[in-house]
Amino acid sequence: MGIINYSNTEISLIKLFKNSKVFEFNNESYTVLNIGKPRSEKGECKTDIYILAKSASESKEFKISVKQHNADFLENKMRLERAIEIFGIQAPTIIKQSTLRIKKSFEDEMLINFERKGRTEPKCITLGWKFELLNRISGKKSGILILNKQQKIDVYAGTNIGPGKANSMVNDIKIKDSGIAEFILETDHNITQSANYYMSKLVKIDHYVVGKDIYFACKALNYRATSDKWDGDRSLAVYVDWKMQNNKLVGDLVFSNPLRVKGNQCGRNVQKILKSLKIDKDNFDDLKKYLS
């Protein structure tokens, strides 16, 4: 199966509505006045398609977030700034409470792998775990986010995004709150139906979230001794505080500072420790004598 390009779905929908010029919504006929993909100053807003349309009785905005039926990720490789945009100022508390509920899965983890383990390369040291939002459980370090209805709306609509994303550009015109989504459209990636069909499938986000679970997953960021690298300066929901104590290498799990500590800080710390012990990829097994 080929890789699905989600932007192609949005482009196809925009083209469909441009060509149709009119559509039906709630038994009213609307004429399209403006349509496009909102573009923010930095990063992505939540609205994938913005439509301004006019009926006999009103002008109406349709701010639509397009979701593929087979899409798992809501957010991946989350940074603290993005988490605050999604959850508000309670973001660190929400993430900390989530990871603590699955604390044992972190405590049971082998933090240093001398041999290959599943997808993890040999000669790896865990630096910490990234935080992701998904539509389903994913792996052992995953669970349901405990959110109220408004917090779920914030996740899907982008209620807390800053003005640079909220007031996005549509066809080179800045439109207030165009980046905050109001409707969800779940669809296949192939757009084969009429404009009326897709409008009939719109669901208001405040209705969509009722009974909807949102899941989190924590994915490992590892230092790889074979290449002396790790996969970027990722924000970590839980990180490992590696240090030497009484000539032993100790890794303490830190849950209290979610997404504020990043991969480069942890990776350089591990590099410094290995250098002090004169250990590299060629003699990595010598690290065993420094473990309890």
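Mentor: Of the contacts in the protein (heavy atoms within 4.5 Å) with a separation of 6 or more, 68% join residues 24 or more positions apart. This is a predicted model, in which local features need pLDDT of at least 70 and side-chain atom pairs pLDDT 80 or more, while totals for chains, interfaces and linings use all residues. Residues are numbered from 1 along each chain as its sequence is written, and side-chain values use heavy atoms, without hydrogens or water.

Among the 292 residues, 48% are buried, that is, under 20% relative accessible area with a 1.4 Å probe, protein chains only. The secondary structure comprises nine helices and 17 strands, taken as DSSP runs of at least four residues (H or I) and at least two (E), respectively.

On a 1 Å grid over the protein atoms alone, a pocket is an open set of points with protein on both sides within 12 Å along at least five of seven lines, a cavity is a set where a 1.4 Å probe fits but cannot get out, and lining residues have an atom within 4 Å of a point. The largest pocket holds about 1000 Å³ and has 33 lining residues, with Arg119, Thr120, Lys219, Ala220 and Asn222 nearest its centre. Strands S7 (124-134) and S13 (215-224) are the elements that each give two or more residues to that lining.

One cavity reaches 30 Å³ or more. The largest cavity, of about 30 Å³, is lined by Ile125, Trp242, Leu249, Val270, Ile273 and Leu274. Helix H9 (residues 263-277) supplies the largest share of this lining, three residues.

Definitions and conventions. Buried means under 20% relative accessible area, exposed over 50%, partly exposed in between (1.4 Å probe, protein chains only). Grid points are joined across faces, edges and corners, and a volume is the space filled by probe spheres set on the points.
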